[in-house]
Amino acid sequence: KCALPTPIGSVYLRPDRFAKAHPELRLRLLSHCLRWVSAASYAPRLDATKRAESELAAGKSTSLHGCLISQHKDGRVEITREFNAMPTDIASTLAYDNRWAIAGLDRQTPYQLRGLGDDGIALCPDWAQTGHSRRAIVASPSVWLKGELIAAPFAGKQNSCTCALIRGHHHFFTSIKTH
């Protein structure tokens, strides 16, 4: 496999396999990854995708379509949601950022849903034990009440709150369009 989606909603690319793919296939796969991670209803523009693919080939990190494309020291490439592109919502439906189902919260309480952010990750000292990258954790869903972090399920602070991709991470494969 060239791409591997994760339960935290990011995608890992294997650059060795990605580089060997046909140029059009690389662009289609990168576009699919960006669309899936951002939960956008449309794909990024072709010119912007080509620029991102060139940055990726040069070993550089970049952002596009509300996502960060990051090079890791071990050679992997990770595509995560960009924290600054995530909304701040009052929890009413307990769904967040068009991709997350939040459960275990009282629907009558005006919780704030947002990406965890740097301020939130500082309140989760055990986040590194989760096995997820810092970039993915910072952009993971969190629940706040009156400025206090109530839950950050992917960073090890759950309380009674759970969080899962609405369509599951396997949706990445079932949603690939073949043309």
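Contact here means heavy atoms within 4.5 Å. The views come from a predicted model, in which local features need pLDDT of at least 70 and side-chain atom pairs count only at pLDDT 80 or more, while totals for chains, interfaces and linings use all residues. Residues are numbered from 1 along each chain as its sequence is written, and side-chain values use heavy atoms, with hydrogens and water left out.

**View 1. Meet Leu13 and its partners.** Setting aside neighbours within four places in sequence, Leu13 is in contact with Cys2, Ala3, Phe18, Leu29, Cys33, Leu56, Arg76, Val77 and Ile79.

**View 2. Step back to the largest nonpolar core.** Such a core is a set of buried Ala, Val, Leu, Ile, Met, Phe, Trp, Tyr and Cys residues joined through side-chain atoms within 4.5 Å; buried means under 20% relative accessible area (1.4 Å probe, protein chains only). This core has 46 residues, and those touching the most other members are Leu13, Leu29, Ile69, Ile79, Ile102, Leu116 and Val143. Helix 2 (residues 23–38) gives the largest share, six residues; helices are DSSP runs of H or I, at least four residues, and strands are runs of E, at least two, numbered from the N terminus.

View 3. Four strands line up in the order 6-9-10-11 with antiparallel pairing, where a pair needs at least two DSSP bridges. Strand 6 (89–90) and strand 11 (148–151) are the edges, each pairing on one side only. Strand 9 (residues 112–115) and strand 10 (residues 141–145) share four bridges, and Gly115 stands opposite Pro141 in strand 10.

**View 4. Finish with Cys33.** Cys33 is buried, at 0% relative accessibility. Its sulfur is too far for a bond because the closest cysteine sulfur, in Cys2, is 7.8 Å away.

Note on methods
Buried < 20%, exposed > 50% of the residue type's maximum accessible area, 1.4 Å probe, protein only. Disulfide = S-S within 2.5 Å.
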